[in-house]
Amino acid sequence: VICEPNTRPAVDSVDMVHELAARAEAESPARIYFKAAMTLGRKGEQPTDVAALAAEPRVVALSDDGDPLVTCPVAAEVCRLAAQADIMLTPHCEDSPQALQQMQDGIDPGFVPGDPYTNETQYIARDIALAAQHGCRMHFSHVSLASSAGVITSARAGGARVSWEVTPHHLLLCRSDYAEGKVPKVCPPLRTAADRDAMQDMLVQGAVDAVGSDHAPHTAADKAAGASGLIGLETTLGLMLARFVLPGRLTNTAAVQLMSRGPANLFGLNAGTLREGSPADMVLIDPTAQWRVDPETFRSLSRNCPYAGWDLRGRAVATFVAGERVFCTQQHRGRETP
Ligand SMILES: [Zn+2]
């Protein structure tokens, strides 16, 4: 798991990373890594201590997730520092209330802003240019617009060192699936059917580097108060298997690449392969398991899942970390450890 730094307070110092890592270690057998913030408090004003954060092994990238870096010179400085420290940036290239306020206050993002909640492509184009200028690696999370995908793929064709990921919800949902006012709230928002189809096409053509859940657990009270975000940890695998692998749109190998090997390579993790000498971190998958999504049965304490009632096929039945079985479903409990 790679945690985003959009907590309160933000993960913007090495001390904070150490504290969270110790808590994670005490509470979970899973391997937990962190993205640390690019700017102090994720305010978009002052870069964090990039060199110190990059030297921390649990920090695999920097991001101000939840907010884009509006001020162009600050974004440029972060790129310069990241290139020097050789750490990847994963900017959140999407409007947020803070960003819209900053633009209203006259901060120049280096492009002419569009309508609220449509600036993703512009941020991505600006950041690709900054990454090229300063020589840093950049990865774009939760890309949601066909135009953004176009900008990224043509930059890559020109040799840019950028990568990108899509989420299950931007691959499978669009805003016209819902009545006015009923669209699940997530950031970036659900887009048009044409955007959703473009994401699917890119995925099956092999143009996408990873599928990430963008798991954002919120309490019912937070969601009622307008919090953006959906949970995805317990549905991403089943959705990808049922909607892409089973119908023959992706091979098993491609799915492993998108959800395991690819992300591990991007973030420099010793994972995603069963090569001799690799840690025995494995997920045992039953590709025939049929199940209906019922958020009430989730292990997550959050229920903000848009797939309730969906019939899926394929499910993780056991998980191993360093060869130890740390999870298995009821039906598989008690069987011999392979
Ligand atoms: Zn984000």
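User: What relative accessible area does Asp 281 have?

Analyst: First, the ground rules: this is a predicted model in which local features need pLDDT of at least 70, side-chain atom pairs count only at pLDDT 80 or more, and totals for chains, interfaces and linings use all residues. Residues are numbered from 1 along each chain as its sequence is written, and side-chain values use heavy atoms, with hydrogens and water left out. Buried means under 20% relative accessible area and exposed means over 50%, with partly exposed in between (1.4 Å probe, protein chains only). Asp 281 falls in the partly exposed class, with a relative accessible area of 25%.

User: Which residue meets the side chain of Asp 281 in a salt bridge?

Analyst: A salt bridge here is a side-chain nitrogen of Lys or Arg within 4 Å of a carboxyl oxygen of Asp or Glu. The N to O distance for this one is 2.6 Å. Asp 281 pairs with Arg 31.

User: How many residues apart are Asp 281 and Arg 31?

Analyst: Helices (H or I, at least four residues) and strands (E, at least two) are DSSP runs, numbered from the N terminus. The salt bridge joins the side chains of Asp 281 and Arg 31. On that scheme Asp 281 is in the loop between α11 (252-266) and β7, while Arg 31 is in the loop between α1 (14-27) and β2, so this pair links distant parts of the chain, and the separation is 250 residues.

User: How many salt bridges does a search of the whole structure find?

Analyst: Asp 209 and Arg 156 make one at 2.7 Å, N to O, linking the loop between α8 (193-204) and β6 (210-211) to helix α6 (residues 146-157) across 53 residues. Asp 197 and Arg 196 meet in another at 3.1 Å, N to O. There's also a network that links Glu 94, Glu 120 and Arg 191. The total for the whole structure is 14.

User: Is Arg 196 buried or exposed?

Analyst: Its salt-bridge partner is Asp 197. Asp 197 counts as partly exposed at 33% relative accessibility. Arg 196 comes in at 19%, so Arg 196 counts as buried.

User: Which residues are the protein donors of the zinc ion?

Analyst: Donors are N, O and S atoms within 2.8 Å of the metal (3.2 Å for Na, K and Ca); water is not among the atoms, so sites may look incomplete. The protein donors lie 1.9 to 2.2 Å from the zinc ion, and their sequence spacing is D-x26-H-x49-H. They are Asp 65 (OD), His 92 (ND1) and His 142 (NE2).

User: How far apart in sequence are the parts that Asp 65 and His 92 tie together?

Analyst: Both of these residues are zinc donors. Asp 65 lies in the loop between β3 (59-62) and α3 (72-85), and His 92 in the loop between α3 and α4 (97-104), so the parts they tie together are separated in sequence by 27 residues.

User: Which residue's side chain makes a polar contact with the side chain of Thr 39?

Analyst: Thr 39 sits in the loop between β2 (33-36) and α2 (50-54), and is buried at 0% relative accessible area. A polar contact is a pair of N or O atoms within 3.5 Å; within protein, one must be able to donate a hydrogen and the other to accept it, and residues adjacent in sequence count only if both atoms are side-chain atoms. At 2.5 Å, the partner is Asp 64.

User: What is the average twist from one strand to the next in the sheet β7-β8-β9?

Analyst: Strands pair if DSSP finds at least two bridges between them. This open sheet of three strands pairs antiparallel, and β7 (282-292) and β9 (324-328) stand at the edges with a single partner strand each, so one side of each lacks a neighbour in the sheet. The average twist is 25°.

User: Which helix packs on the sheet, touching β7 and β8?

Analyst: Strand β8 (residues 311-321) is joined to β9 by four bridges. The helix touches those strands (contact means heavy atoms within 4.5 Å), and its direction makes about 130° with that of β8 (axes are lines fitted to C-alpha atoms, for helices over the stretch in contact, and angles run from 0 to 180 degrees between N-to-C directions).
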